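Please read the points below with the sequence and the model at hand.

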Amino acid sequence: MHNPGNSTRFQAQDRFAEGAQYIAGRLTKGTSGRTHAVVDPATGQDVYTYELAGTQDVDAAVAAAREAFPGWAGATPGERSDAMHRFAGVLAERAEELAQAESLQCGKPLKLSREFDVPGTVDNTAFFAGAARHLQGQSAGEYSADHTSYVRREPIGVVGSIAPWNYPLQMAAWKVLPAIAAGNTIVLKPAELTPLTSLLFAQAATEAGIPDGVVNIVTGAGRDAGEHLVGHPDVAMTSFTGSTGVGKRVAEIATSTVKRLHLELGGKAPFVVFDDADLEAAVHGAVAGALINTGQDCTAATRAYVQRPLYDAFVQGVADLMASLRVGDPFAPDTDLGPLISHAQRDRVAAFVDRARSYARVVTGGVIPQGDLKAGAYYRPTLVADAAQDSEIVQAEIFGPVLVVLPFDSDDEGIRLANDTPYGLAASAWTRDVFRANRATRDIKAGCVWVNDHIPILSEMPHGGYKASGFGKDMSAYSFEEYTQIKHVMFDNTAVARKPWHRTIFGD
Ligand code: NAD
């Protein structure tokens with residue numbers, strides 16, 4: 001497995017010896033009295049043991065964010081933008097360290113961390129550095145002859161954010177960047193399994209000159225640190241990315257404390273192949289779209305619906321391509337697919353496939369690799385066919401390298417099946433017919449619909465769900481709608497003591 005002599009390997013225990021909490025610009029140890037081990041999922045070995053945050057650490061982080069808020073909110077957009085441009089520069093300098101740490105804690109192939117997670121994060125940071133200068137209120141004018149009105153767009157205050165383990169660096173970026181660009185301060189709780197790159201990200205912010213307390217990290221368990229952060233009276237907004245089940249719990253707490261809420265939840269993206277599609281493109285798109293990040297991607301292609309004339313060739317093509325992929329050490333240059341995030345997640349995915357064997361056909365995969373890979377959380381890329389639309393494997397979010405394929409006949413049926421789950425995060429349509437493409441993009445209920453591709457994201461474009469995939473947008477200028485509040489300011493223009501409208505209260 002990994003070469004222990006590899007000098008670029010991220011040394012988490014040394015790097016974060018002072019602890020996994022980052023509060024007011026300093027690393028500290030958590031005070032929950034419990035520890036957690038970050039495990040390298042490729043080997044099953046512990047790489048970093050740290051003290052989990054307790055409620056006192058959340059209180060300290062929120063207090064730091066609250067103290068930093070007036071200064072940061074009062075900085076000019078140009079000052080915030082300058083600091084964030086420097087932030088992008090520090091991240092770019094640290095690109096290799098970030099990629100190594102991300103691959104170590106997640107098990108994702110180094111080529112994915114280097115070519116997707118890290119450059120995406122640097123680009124996001126640069127985008128929000130620019131966008132910080134373009135926050136706009138609308139409509140200044142006299143909407144009544146007696147008054148001048150205008151709209152101010154203001155930050156909300158301290159944002160409490162909670163992130164999942166699948167893209168820890170990008171999730172930290174998506175949460176932190178629009179929040180601070182708009183003048184908020186933030187306390188981010190990464191997943192316990194993957195704190196390393198969130199900590200590096202926050203340290204880079206400090207190094208770039210973003211004031212202490214603007215970006216804080218508390219690394220603790222969901223049940224105590226997470227719920228305490230969501231319910232905290234000094235937190236003005238909750239932004240959560242994770243599963244729909246946990247999102248419902250977070251929503252209950254946030255709602256009962258009257259907080260602004262942004263939820264990015266689970267997905268079960270359909271991949272709809274019409275009979276005029278380029279078959280080779282669809283096969284390659286399906287395998288890449290299903291297996292990116294070992295399938296642990298909320299927008300991953302999970303349900304391929306293929307119009308009957310292409311169905312058999314598509315199943316064969318996908319099975320062959322999946323079988324050819326090189327599953328192995330994330331740090332080896334020829335690895336296509338790393339392990340899942342943990343043995344528990346691998347076993348959960350394997351159990352979905354094992355249950356499906358009684359009602360569907362496993363065309364390829366469905367296997368836990370042995371030999372050299374036995375100690376890691378590996379699972380072979382898996383294609384399942386002949387499942388009913390209402391079966392568990394078609395309806396539930398699996399979050400692993402598993403694609404289900406189903407045939408359809410009419411265009412209406414393909415679109416109906418694509419919409420037939422509780423989720424609505426992302427989808428794709430594969431066709432060379434502009435009318436079919438236009439119809440699919442209009443009628444599929446999802447926050448993103450790709451045509452003849454599946455997965456690419458852009459800093460300039462919004463990401464967010466419909467239906468049980470949540471509400472609100474990450475990335476793009478649209479995310480400012482989540483992280484700002486709108487104030488109507490109204491000036492009297494008459495300078496008279498007795499306004500005409502007072503007649504409704506006193507007078508005839
Ligand atoms: P999860 O819901 O188990 O955990 C997410 C975060 O919530 C973690 O930090 C966890 O510690 C915390 N948490 C757990 N219980 C909590 C509680 N009671 N109160 C407060 N916080 C709590 O999700 P996961 O397993 O880490 O990630 C996978 C899920 O994330 C999938 O469902 C995936 O679709 C979703 N996801 C969605 C998007 C999106 O943009 N929509 C992006 C990435 C991942």
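1. The model under discussion is predicted. The UniProt record, an unreviewed entry, places the feature "domain: Aldehyde dehydrogenase" at residues 30–489.

2. β5 and β6 make a hairpin that has two residues between the strands. Two bridges connect β5 with β6 (residues 147–155), and the two strands run antiparallel. In this pairing S144 is opposite H147 of β6. On the β22 side, nine bridges join β6 to β22, again in antiparallel fashion. Here V151 faces H488, a residue of β22.

3. A packed pair of helices comes next. In general, such a pair is described by the angle between the helix axes and the distance between those axes. Helix α8 (residues 222–231) packs against helix α9 (residues 244–256) at an angle of about 35 degrees, and the axes are 8 Å apart. From α8 the contact draws on E227, V230 and G231, while α9 contributes R249, V250, I253 and A254. Sorted by class, the contact of α8 with α9 comprises four nonpolar residues, one polar residue and two charged residues.

4. How many residues has the largest nonpolar core? The count is 66, and the residues with the most contacts inside this core are Y48, F87, I180, F201 and I210. Helix α6 (residues 168–181) supplies the largest share, 10 residues. Apart from its neighbours within four places in sequence, I180 touches W72, R80, M84, I186, I210, V214 and V215. There is also a second, separate core of 30 residues, which includes V273, M322, L337 and L383. As a general matter, nonpolar side chains in soluble globular proteins tend to be buried together.

5. The unreviewed UniProt entry also places the feature "active site" at E264. This residue belongs to strand β11 (residues 260–264). Is E264 buried or exposed? E264 is buried, because its relative accessible area of 2% falls under the 20% limit. Neighbours within four places in sequence aside, the contacts of E264 include K175, F240, T241, G242 and L425. Also among them are H463, G464, G465, S469, G472, K473 and D474.

6. A loop residue, L193, may be set beside this case. L193 lies in the loop between β8 (185–189) and α7 (196–207). With a relative accessible area of 29%, L193 is partly exposed. Although L193 and A37 are 156 residues apart along the chain, their C-alpha atoms are separated by 7.6 Å. Leaving out neighbours within four places in sequence, L193 is in contact with H36, V38, Q105, W165 and I341.

Notes
Residues numbered from 1 in each chain as written. Predicted model: local features only at pLDDT ≥ 70, side-chain atom pairs only at ≥ 80, totals over all residues. Heavy atoms only, no water. Pairing = 2+ DSSP bridges. Helix = DSSP H or I, 4+ residues; strand = E, 2+ residues; numbered from the N terminus. UniProt positions renumbered as here; feature names shortened; annotations may be inferred. Axes fitted to C-alpha atoms, helices over the stretch in contact; angles between N-to-C directions. Contact = heavy atoms within 4.5 Å. Nonpolar A, V, L, I, M, F, W, Y, C, P; charged D, E, K, R; others polar. Buried < 20%, exposed > 50% of the residue type's maximum accessible area, 1.4 Å probe, protein only. Core = buried A, V, L, I, M, F, W, Y, C linked by side-chain atoms within 4.5 Å.
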